[in-house]
Amino acid sequence: MNTAWGGLDNDGQINLCLSADHKTLKNLLKSKAFTVSMATEDQIVACDYVGLVSGNKEPDKFAKAGFHSTKSEFVNAPLIDE
């Protein structure tokens, strides 16, 4: 997920605003887990792409953006290799 609506609370908790029709929420409800990655300046184009293109319509958008993933050893969610 590429989020535009999220933030950190004073107590270090992460808040995310999720739409029911997005694939991100479907994946989160299925796996009951997620990871957090922070983009760098050189990843702006790829992040813009995954933020604009729906995973419901383009199942390979992650790979098309040039990202690769590894399953986290701690939770049932991927880590972005880049």
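Is F74 buried or exposed? F74 is exposed, at a relative accessible area of 71%; here buried stands for under 20% relative accessible area, exposed for over 50%, and partly exposed for what lies in between, with a 1.4 Å probe and protein chains only.

A word on the model before the views: this is a predicted model, in which local features need pLDDT of at least 70, side-chain atom pairs count only at pLDDT 80 or more, and totals for chains, interfaces and linings use all residues. Residues are numbered from 1 along each chain as its sequence is written, and side-chain values use heavy atoms, with hydrogens and water left out.

**View 1. F74 in its loop.** Look for F74 in the loop between strand 3 (69–71) and strand 4 (78–80); strands are DSSP runs of E with at least two residues, numbered from the N terminus.

**View 2. The aromatic pair.** The count is one aromatic pair (Phe, Tyr or six-membered Trp rings with centres within 6.5 Å; planes under 30 degrees apart are stacked, over 60 edge-to-face, the rest tilted). The ring centres of F62 and F67 are 5.5 Å apart and their planes stand at 40°, so the pair is tilted. F62 is partly exposed at 30%, while F67 is buried at 9%.

**View 3. The salt bridge.** Here, too, the count is one: a salt bridge (a side-chain nitrogen of Lys or Arg within 4 Å of a carboxyl oxygen of Asp or Glu). K64 and E58 are the partners, at 3.1 Å from N to O. K64 is exposed at 54% relative accessibility, and E58 is buried at 19%.

Note on methods. Helices (H or I, at least four residues) and strands (E, at least two) are DSSP runs, numbered from the N terminus.
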